[in-house]
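Look over the sequence and the fold, then read on.

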Amino acid sequence: MENKVTTILFDKKITHDEIGAFRGAILTLLPDDPVLHNHGEEMILYRYPKVQYKTCNGKACIIGMNEGADILERELHLGDELTLRIGRRICQFTITDKTTTYFNPGNSRAEGYDYKITDWLPLNQENHIAYTQMKSLHDRIGLLDRILTASILRLLQGFNHFIDYRCEAFITDIISSEVIKYKGVEMLAFDITIHTNIRLPENFGLGKGSSRGHGIITEI
């Protein structure tokens, strides 16, 4: 099944730390639709986000799939000028590019695929404790590999794609890791490379914070 992907690119640069403010500013202009912000009337919707806010070559960007793509196509147009508050500054953002493509995730091939994942937030409070208590690097990598596989399956589910074969994914290198604050909580963020038998969509996110520029997928 092919999935619609719409990408909206703006002319202004924002930092990674400003993505949350950019997302909030955009949401004030668009319809109150749970597809856009992944919240229901009284709760967070624990599903893969169909609209994601990030940077592309440093510039503000929004990417949506299926229902999310439909909303972006309907509400945002090439050349639109939006006045947005990013933190303490108010800026005029112009849409400079709007593209729609189609993607079929999950295709497996014998040699597999290699990707870089940046600013990945794999650990919640519970498995963060388990991770830090592990003395063996082998055990830590094993935990991250299991979380990675689960995140890939969740992404495929978001694309309404279900596989009838085993998902294989493992980390080939931990490029860097650092403690960051996400929603006021200190978390470990990783830049990694992975190998998997699953075709993944570039520029989408994996794991926690995928709607806010974390876990960005880039094919190597």
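Is C91 buried or exposed? C91 counts as buried, because its relative accessibility is 14%; buried means under 20% relative accessible area, exposed over 50%, and partly exposed in between, with a 1.4 Å probe and protein chains only. This is a predicted model: local features need pLDDT of at least 70, side-chain atom pairs count only at pLDDT 80 or more, and totals for chains, interfaces and linings use all residues. Residues are numbered from 1 along each chain as its sequence is written, and side-chain values use heavy atoms, without hydrogens and water.

**Cysteines**
- The structure has zero disulfides (a disulfide is a pair of cysteine sulfur atoms within 2.5 Å).
- C91 is in no disulfide, and its nearest cysteine sulfur, in C61, is 17 Å away.
- C167 is buried too, at 11% relative accessible area.

**The sheet**
- Four strands form an open sheet in the order β7-β8-β6-β9, with antiparallel pairing.
- Strands (E, at least two residues) and helices (H or I, at least four) are DSSP runs, numbered from the N terminus.
- Two strands pair if DSSP finds at least two bridges between them.
- β7 (169–182) and β9 (216–219) are the edges; each has a single partner strand, so one side of each lacks a neighbour in the sheet.
- From one strand to the next, the twist averages 20°.
- β6 (residues 113–120) and β8 (residues 185–196) run antiparallel and are joined by six bridges.
- Y113 has T196 in β8 as its bridge partner.

**The helix on the sheet**
- Helix α5 (residues 137–158) packs on the sheet and touches β6, β7, β8 and β9 (contact means heavy atoms within 4.5 Å).
- The direction of α5 makes about 90° with that of β7; axes are lines fitted to C-alpha atoms, for helices over the stretch in contact, and angles run from 0 to 180 degrees between N-to-C directions.
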